[in-house]
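Please open the structure in your viewer and keep the selection tool at hand.

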Amino acid sequence: GKYRVVSTKPMPGTRWINLLVDQGCRVEICHLKKTILSVEDIIELIGNKCDGVIGQLTEDWGETLFSALSKAGGKVFSNMAVGYNNVDVEAANKYGIAVGNTPGVLTETTAELAASLSLAAARRIVEADGFMRAGLYEGWLPHLFVGNLLKGQTVGVIGAGRIGSAYARMMVEGFKMNLIYFDLYQSTRLEKFVTAYGQFLKANGEQPVTWKRASSMEEVLREADLISLHPVLDKTTYHLVNKERLAMMKKEAILVNCSRGPVIDEVALVNHLRENPMFRVGLDVFEEEPFMKPGLADMKNAIVVPHIASASKWTREGMATLAALNVLGRIKGYPIWSDPNRVDPFLNENASPPN
Ligand code: GLV
Ligand code: GLV
């Protein structure tokens, strides 16, 4: 091949490889046994000639790697992820390297995991499963594993972009929850959806669902019974949910996080879980992956899964394909398929900017 493209991990499916190979790229996939590659490992992979790299969210794509990629003649890096808090886009741009991510294909899959964690927490599925396996079930009882009824309760969404909006629609339509959301951008499409669904329910003699765009994040924390976090991770959202904000939430609220771990102060969360046994949490992401803060794994009111929100076959193959298209596009001289520097097309189409 004319071009050398490196993938730091084997990725699902073959379509992404075929796309690159068909267009004259030689694809090199790293098969090192270690889960997380170091900067040194990646520098070695890049070598003396490398046109583009597909990398993972566990890797630190900063000054050092972009400088190495640039020296090897590289023009493009794509994360196989929608989030790109592991990428220093400014450093990349300094070396004339384009950065891509993989939005869109993981929207519904991620929202479905947030919904799964919401239901699992509300109905104490994991605790109940452990109880069965431990041989503790002695027969039906009126008070055994009583949880929360979501219908008629309020779902709070913090960050109503693609994933947050998809999750909101699932919870409103699927479980007839009222919606309160906080985002700098108004999501008129989401508001229209809830309004129309509310009218439909009313026409059928049912209690209509309602929506509210909160003027602050605190308003959501105070009012919602179930809260799901969907912001991007940056300086402004680091420890967005801290000790003070946890204290604002209802004692029996449920908190779900499928965004990025550092959005929650995890030490404060463990203390809050300990002090409020009726408060429950469903976590897909952690502050310092792969580790959990001390005590978290012992909390019965926490459900923890290992960053699997985008883990459906269709989505993972799609992410690999988009990452390959990002790299290929740039190598061939086209604008990158998905460039985080551009305004988010979802927001462009469906939202009004802040006043
Ligand atoms: C996964 O966490 C992603 O950002 O795609
Ligand atoms: C419970 O199993 C019921 O029948 O109410």
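The stops below concern a predicted model and lead from a strand to a sheet and then to a ligand.

Begin by selecting residues 3-7, which form strand β1. Is this strand enclosed or open to the outside? Five of its five residues are buried, so β1 is largely enclosed by the rest of the structure. Display the side chains next: Tyr3, Val5 and Ser7 point one way, whereas Arg4 and Val6 point the other way. In a regular strand the side chains alternate between the two faces of the sheet.

Now include helix α1, residues 15-22; together with β1 and β2, helix α1 makes a right-handed β-α-β unit.

Select strand β3, residues 52-55, which is joined to β1 by three bridges and runs parallel to it. Here valine 5 stands opposite glycine 52.

Proceed to the open sheet of seven strands, whose order is β9-β7-β6-β10-β11-β12-β13 and whose pairing is parallel. Its edge strands are β9 (211-213) and β13 (302-304), each of which pairs on one side only. From one strand to the next, the twist averages 15°. Focus on β7, residues 178-182, which three bridges join to β9; leucine 179 stands opposite tryptophan 211 in β9.

Finally, select ligand 1. Which residues surround it? They are Leu57, Ala81, Val82, Gly83, Leu106 and Ser310. Colouring this shell by class shows four nonpolar, two polar and no charged residues.

Key:
Residues numbered from 1 in each chain as written. Chains lettered and ligands numbered in written order. Predicted model: local features only at pLDDT ≥ 70, side-chain atom pairs only at ≥ 80, totals over all residues. Pairing = 2+ DSSP bridges. Helix = DSSP H or I, 4+ residues; strand = E, 2+ residues; numbered from the N terminus. Axes fitted to C-alpha atoms, helices over the stretch in contact; angles between N-to-C directions. Near = placed C-beta within 6 Å. Nonpolar A, V, L, I, M, F, W, Y, C, P; charged D, E, K, R; others polar. Buried ≥ 20, exposed ≤ 12 C-beta atoms within 10 Å, placed from the backbone. Right-handed = clockwise from strand over helix to strand, strands pointing away.
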